[in-house]
Each structure stands twice: as structure tokens, then as C-alpha cells.
Amino acid sequence: MRDVATLLEALPYIREFHGQTVVIKYGGAAMEDPELREEFARDVVLLKYVGMNPIVVHGGGPDITRYMNKLNLPVEFVGGLRVSDKDTVEIAKMVLVGKVNKDIVLRLNRHGQAAVGLSGDDGRLFRASRQSAPDGQDIGFVGQIDRVDVDVLEHIAQDYIPVIASVGADREGNSYNINADDAAAAVARAMGAFKVVFLTDVAGWLRDKDDPASLISEAGADEVEEAITTMEGGMRPKLQACLDAIHGGVSAAYIIDGRVAHSLLLELFTDSGIGTKIRPAQ
Ligand SMILES: Nc1ncnc2c1ncn2[C@@H]1O[C@H](COP(=O)(O)OP(=O)(O)O)[C@@H](O)[C@H]1O
Ligand SMILES: CC(=O)N[C@@H](CCC(=O)OP(=O)(O)O)C(=O)O
């Protein structure tokens with residue numbers, strides 16, 4: 001009976017989301033566990049099967065750090081963004097485009113839905129420019145996305161699940177390392193997505209980052225704007241990305257726990273949700 005109740009609970013959401021674009025940001029920390037990687041792929045394929053248009057934008061920060069450590073290169077973050085010289089950008093491209101992207105594509109393929117991997121360079125998907133840290137510091141070749149060309153995405157999304165790695169170049173051909181949260185927000189805005197979901201390695205936005213019980217289950221964009229000014233670490237770019245998406249017309253942004261099996265389905269298809277929902281200011 002419980003299973004039937006769950007299905008019935010999901011039905012209105014499935015109807016509401018039919019034909020809608022949902023951008024899913026798949027984060028480094030949430031990608032670490034092999035079993036969860038399988039569950040994630042299954043969930044995304046299911047979204048496609050029930051008539052949604054899922055687009056995966058992924059990071060892979062921990063993987064980039066691992067390779068940098070192997071090469072004895074210094075790892076530094078400012079305001080949640082990786083300080084990126086030319087070597088760092090090269091490694092980020094190799095790891096995100098060559099390894100992580102293909103790994104996700106393969107897994108989606110195996111679960112029954114053909115996926116196509118892209119980076120910001122493919123089909124001129126992203127046009128990027130150099131970005132400074134929030135405090136104005138020079139952090140090298142870190143990119144912000146100035147333009148998303150949705151043409152290639154719209155074509156691919158008709159039949160396939162697009163999987164996008166967060167790197168891109170400027171008009172002169174300089175490559176940039178782009179925070180994957182920023183990339184997800186830019187894609188969600190440009191595609192007129194209904195929702196954007198960020199999977200991460202915490203329960204959601206926590207009032208106290210050291211207390212997992214202090215989850216903020218819902219907040220308006222105005223509350224986020226106020227909190228973000230004093231925030232450090234990886235949650236800052238994530239909340240900024242939620243704001244960018246909301247201000248760009250996306251109806252809601254969610255930060256959810258990628259360590260929980262099926263968290264994506266639980267957030268989208270149940271009344272209570274499981275993480276933090278960010279909605280427009282009231
Ligand atoms: N208020 C907060 N609530 C939740 N997490 C926070 C907060 N402040 C800082 N963080 C940190 O942000 C991290 C998530 O960001 P990040 O490591 O960039 O994730 P991902 O790799 O999934 O993009 C958490 O693991 C946590 O350490
Ligand atoms: C500029 C910048 O910080 N780029 C990120 C890109 C990958 C990413 O965002 O990965 P997660 O989503 O796993 O954190 C980085 O180098 O880690």
C-alpha cells in the first residue's frame with residue numbers, strides 16, 4: 001500500500017512537470033560513491049521517461065583536486081572558486097570533459113537513455129569571460145558565462161539527455177575553469193527551465209554549517225541575498241547560482257543531499273521535499 005501511496009503522491013508532480021526542462025547540477029562530492037552514481041543515473045533516466053526534459057550540468061571539484069595533488073600543483077580556493085592558472089585550467093578540462101563527463105554519459109546510456117556529452121566549447125554553448133573573486137581578487141582563468149547558445153542544447157534535448165561540463169572559452173579562444181553551480185544557473189536561465197536542482201554533500205543550506213539539523217527547508221530570494229554577503233565556502237556560489245536562476249525566471253531552485261539515494265526524485269515528486277527550496281521573494 002505504501003508504494004501505491006508514494007506513486008499517487010508523485011502523479012500530480014509528474015503531470016505538472018510534463019514537457020518541462022529541469023536542470024540538474026551534479027556536484028563533485030555527491031559523485032564520489034559508486035552506488036549513488038548508479039542511482040543518480042537511474043533517476044535522471046526516469047525523469048526523461050516520464051516526459052520531462054532533464055539537462056545535467058556537472059562539476060568534479062574533488063577529482064580535479066586529486067589530479068592536481070598527483071602533479072604537486074597548489075590547490076587554492078577563494079570565495080568557493082578555484083584559483084586557476086593555465087595548468088589548472090588544462091587539468092580541469094581534462095578531468096571534467098575527458099573523465100567525469102564521459103563517465104556520466106556512459107552510465108546514462110547503460111540505464112537505457114542515450115546521453116550526449118558537451119562542454120561549453122561544443123556548438124559554442126558558452127561564451128565566457130574572466131571573473132574575479134567576490135572580494136575583487138585576481139583568481140586567474142576563472143570564467144563567468146556571458147552567453148549561452150541554446151540552439152545546440154534544444155536540438156540535443158529533443159532526443160537525448162545533454163550532459164554539460166563546466167568549462168568554456170572567450171572570443172579569443174582562451175579557456176576558463178567555470179564553477180559548475182554558475183554553469184547550471186546560466187543553462188537554467190537560458191533554457192527557461194522550470195526548476196534547477198543542485199545535488200551536493202550536505203542536507204541543504206544549513207543555518208549553522210556544522211549542524212546538519214539546522215536545515216533551512218525553504219527561503220525567499222531576499223533572505224538569501226541578505227545571508228550571502230557574509231558567507232564563505234562552497235555554499236556561497238551555490239546560493240548565488242540559485243539567485244541567478246530565480247532572477248532569470250526559474251520558478252524554484254533546490255539544494256539537496258546527493259548522498260541520499262533518490263534524493264532527486266524525493267525532492268521533485270513528494271509533497272515534503274528533502275532539501276532547501278529557494279523561491280522568488282514574496
Ligand atoms: N551554511 C552552509 N550550509 C551548508 N553548507 C555550507 C554552508 N557554509 C559552507 N558550506 C559548505 O559548502 C559545501 C558544499 O559546497 P561544495 O563543496 O562546493 O559542494 P559541491 O562539490 O557539491 O558543489 C558543504 O560541504 C559545506 O562544507
Ligand atoms: C572555478 C571553479 O571553482 N571551478 C570548479 C569547477 C568544478 C566544480 O564546480 O565542481 P563541483 O561542483 O564538484 O564543486 C573547480 O575547479 O572545482
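The following legends describe close-up views of a predicted model. In this predicted model, local features need pLDDT of at least 70 and side-chain atom pairs count only at pLDDT 80 or more, while totals for chains, interfaces and linings use all residues. Residues are numbered from 1 along each chain as its sequence is written, and chains are lettered from A and ligands numbered from 1 in the order in which they are written.

**View 1. The surroundings of ligand 2.** Ligand 2 is surrounded by 15 residues, the closest being Gly-28, Gly-59, Gly-61, Arg-82 and Ala-180. Two or more residues of this shell come from each of helix 3 (61–70) and strand 4 (81–82); helices (H or I, at least four residues) and strands (E, at least two) are DSSP runs, numbered from the N terminus. Sorted by class, the shell around ligand 2 holds 5 nonpolar, 9 polar and 1 charged residues.

View 2. In an unreviewed UniProt entry, the annotation "binding site" covers Gly-60, Gly-61, Arg-82 and Asn-177. These residues are spread over 118 residues of sequence, yet they cluster in space, with a largest C-alpha distance of 11.9 Å. UniProt positions are given in the numbering used here, feature names are shortened, and annotations may be inferred rather than shown by experiment. Gly-60 lies in the loop between strand 2 (53–58) and helix 3, whereas Gly-61 is placed in helix 3. Gly-60 is buried because 25 other C-beta atoms lie within 10 Å, and Gly-61 also counts as buried, with 23 C-beta neighbours inside 10 Å; the cut-offs are 20 or more for buried, 12 or fewer for exposed, and partly exposed in between, with C-beta atoms placed from the backbone.

**View 3. Val-78 and its neighbours.** Val-78 belongs to strand 3 (residues 77–78) and is partly exposed, because 16 other C-beta atoms lie within 10 Å. Leaving aside residues up to four places away in sequence, Val-78 touches Val-83, Ala-133, Gln-137 and Ile-139, where contact requires C-beta atoms, placed from the backbone, to lie within 7 Å.

Note on methods. Near = placed C-beta within 6 Å. Nonpolar A, V, L, I, M, F, W, Y, C, P; charged D, E, K, R; others polar. Contact = placed C-beta atoms within 7 Å.
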